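Reader: I would like to learn how to read helix packing and a nonpolar core. Can we work through a case together?

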Amino acid sequence: MSDMRLVVVGAAGRMGQTLIRTIHSIPGATVAGAIERSGSPHLGKDAGELAGIGALDVPITDDPLPVFAKADGVLDFSVPAATVEFSGYAAQARIVHVIGTTGCSPEDDARIAAAARHAPIVKSGNMSLGVNLLAVLVEQAARALDPEEFDIEILEMHHRHKVDAPSGTALLLGEAAATGRNIALAQNSVRVRDGHTGARRAGDIGFATLRGGSVVGDHSVVLAGAGERITLSHNAEDRTIFARGAVKAALWARTRKPGLYSMRDVLGLSQAETPVLHGSRQRKG
Ligand SMILES: NC(=O)C1=CN([C@@H]2O[C@H](COP(=O)(O)OP(=O)(O)OC[C@H]3O[C@@H](n4cnc5c(N)ncnc54)[C@H](OP(=O)(O)O)[C@@H]3O)[C@@H](O)[C@H]2O)C=CC1
Ligand SMILES: O=C(O)C1=N[C@H](C(=O)O)C[C@H](O)C1
């Protein structure tokens with residue numbers, strides 16, 4: 001099969017630049033376009049030069065339609081309003097849309113699900129192998145432990161520029177815990193505590209958010225019982241882990257039917273009792 005031609009939207013952002021570098025380093029994929037918002041100071045610049053890998057002859061543009069028409073897939077780590085719009089354009093072009101954008105509302109998610117009727121979409125709050133394996137472990141731990149005896153709290157820390165909370169990953173881990181307990185997260189989560197809150201309700205899944213400095217992404221799930229605590233955690237040290245996952249998702253989705261898929265589907269963790277993850281990374285040269 002020919003190289004997959006991938007467009008990066010939000011190409012000048014932290015993830016956008018990481019994606020340009022990562023696509024360029026992975027066999028089977030090529031940078032076919034780079035999109036930024038209208039008015040961005042980066043319009044017209046070469047995407048490769050901006051990402052620090054030298055010219056790729058891919059100018060950054062704010063006109064997605066002609067770029068999508070010549071591409072096989074879109075990697076999108078931008079903002080919710082743009083992601084919803086791009087999901088419509090990708091559906092129109094019948095190309096893969098990989099969505100890493102977090103902070104989407106239920107209405108945004110409904111529009112993305114509608115677009116997935118026409119093209120394959122992979123959406124996940126975290127594209128890394130480690131976090132998706134962690135989610136499987138959290139689900140298993142939550143299933144194994146009695147909610148009357150073990151309280152679940154999810155703690156996350158990110159860099160000072162992050163705009164949404166709790167993080168997409170914290171919510172993904174909360175969903176995993178809720179699935180393990182066979183409950184709905186929305187009805188059993190406490191996302192903020194302040195003032196005289198009263199005692200903790202058994203069965204709640206709590207969230208706590210820290211922001212500061214340059215932290216790429218730290219997540220811990222604490223299962224706290226009387227006299228003992230289990231902590232399952234993941235620390236992201238480099239954004240390349242998310243970008244590699246996104247490219248892997250695009251290559252995987254290329255041969256899939258229209259539908260909304262998760263990173264667990266891509267990594268084969270959806271059904272796995274004992275996940276086999278050896279040799280899942282590839283690199284050029
Ligand atoms: N799922 C995962 O694995 C991961 C998800 N993320 C998520 O990805 C998103 C981006 O994160 P990050 O790269 O740190 O953020 P940045 O702010 O660095 O990047 C976002 C980019 O999108 C651009 N943008 C805004 N509006 C549009 C538009 N209409 N069209 C095209 N581009 C637009 C921004 O431009 P400007 O700044 O000029 O407004 C910016 O360059 C966040 O939601 C984050 O949570 C991040 C890492 C991993
Ligand atoms: O904004 C970020 O940086 C990150 N966002 C994602 C999230 O909201 O969980 C994934 C990762 O933790 C980095």
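Author: Start with Ile241, which is found in helix H8. Keep in mind that this is a predicted model.

Reader: Which residues does Ile241 touch, leaving out those up to four places away in sequence?

Author: Ile241 touches Met127, Ser128, His234 and Ala236. Ile241 and Leu129 are 112 residues apart along the chain. Their C-alpha atoms are 7.6 Å apart in space.

Reader: Next, helix pairs. What describes two packed helices?

Author: Two values: the angle between the axes and the distance between them. Take H1 and H8. Their axes come within 9 Å. They cross at roughly 60 degrees.

Reader: Why are H1 and H8 called oblique to each other?

Author: Roughly perpendicular begins at 65 degrees, and roughly parallel needs an angle under 35. H1 and H8 cross at roughly 60 degrees, and are therefore oblique to each other. The crossing of H1 and H8 is right-handed.

Reader: Which residues make that contact?

Author: H1 contributes Met15, Thr18, Leu19, Thr22 and Ile23. From H8 come Thr240, Phe242, Ala243, Arg244, Ala246 and Val247. By class, the contact of H1 with H8 has 7 nonpolar, 3 polar and 1 charged residues.

Reader: Now H4 and H5. At what angle do they cross?

Author: Helix H4 spans residues 80-93 and helix H5 spans 106-115. Their axes cross at roughly 15 degrees and come within 9 Å. That angle makes H4 roughly parallel to H5. H4 passes H5 in a left-handed crossing.

Reader: What makes up the contact of H4 with H5?

Author: On H4, the residues are Pro80, Thr83, Val84, Ser87, Gly88 and Ala91. On H5, they are Asp108, Arg111, Ile112 and Ala115. The classes are 5 nonpolar, 3 polar and 2 charged residues.

Reader: Last topic: the core. What is the general idea?

Author: In soluble globular proteins, nonpolar side chains tend to be buried together. Here, the largest nonpolar core has 40 residues.

Reader: Which of the 40 touch the most other members?

Author: Leu6, Leu19, Ile23, Leu75, Val98 and Val122 do. Leu19 and Ile23 also belong to the H1 side of the contact with H8.

Reader: Which elements give two or more residues to this core?

Author: The strands are E1 (4-9), E2 (29-35) and E5 (96-99). The helices are H1 (14-25), H6 (129-144), H8 (240-253) and H9 (263-267). The largest share, 9 residues, comes from H8.

How values were computed:
Residues numbered from 1 in each chain as written. Chains lettered and ligands numbered in written order. Predicted model: local features only at pLDDT ≥ 70, side-chain atom pairs only at ≥ 80, totals over all residues. Heavy atoms only, no water. Axes fitted to C-alpha atoms, helices over the stretch in contact; angles between N-to-C directions. Helix = DSSP H or I, 4+ residues; strand = E, 2+ residues; numbered from the N terminus. Parallel < 35°, antiparallel > 145°, perpendicular 65-115°, else oblique. Left-handed = near helix turned anticlockwise from the far one by under 90°. Contact = heavy atoms within 4.5 Å. Nonpolar A, V, L, I, M, F, W, Y, C, P; charged D, E, K, R; others polar. Core = buried A, V, L, I, M, F, W, Y, C linked by side-chain atoms within 4.5 Å. Buried < 20%, exposed > 50% of the residue type's maximum accessible area, 1.4 Å probe, protein only.
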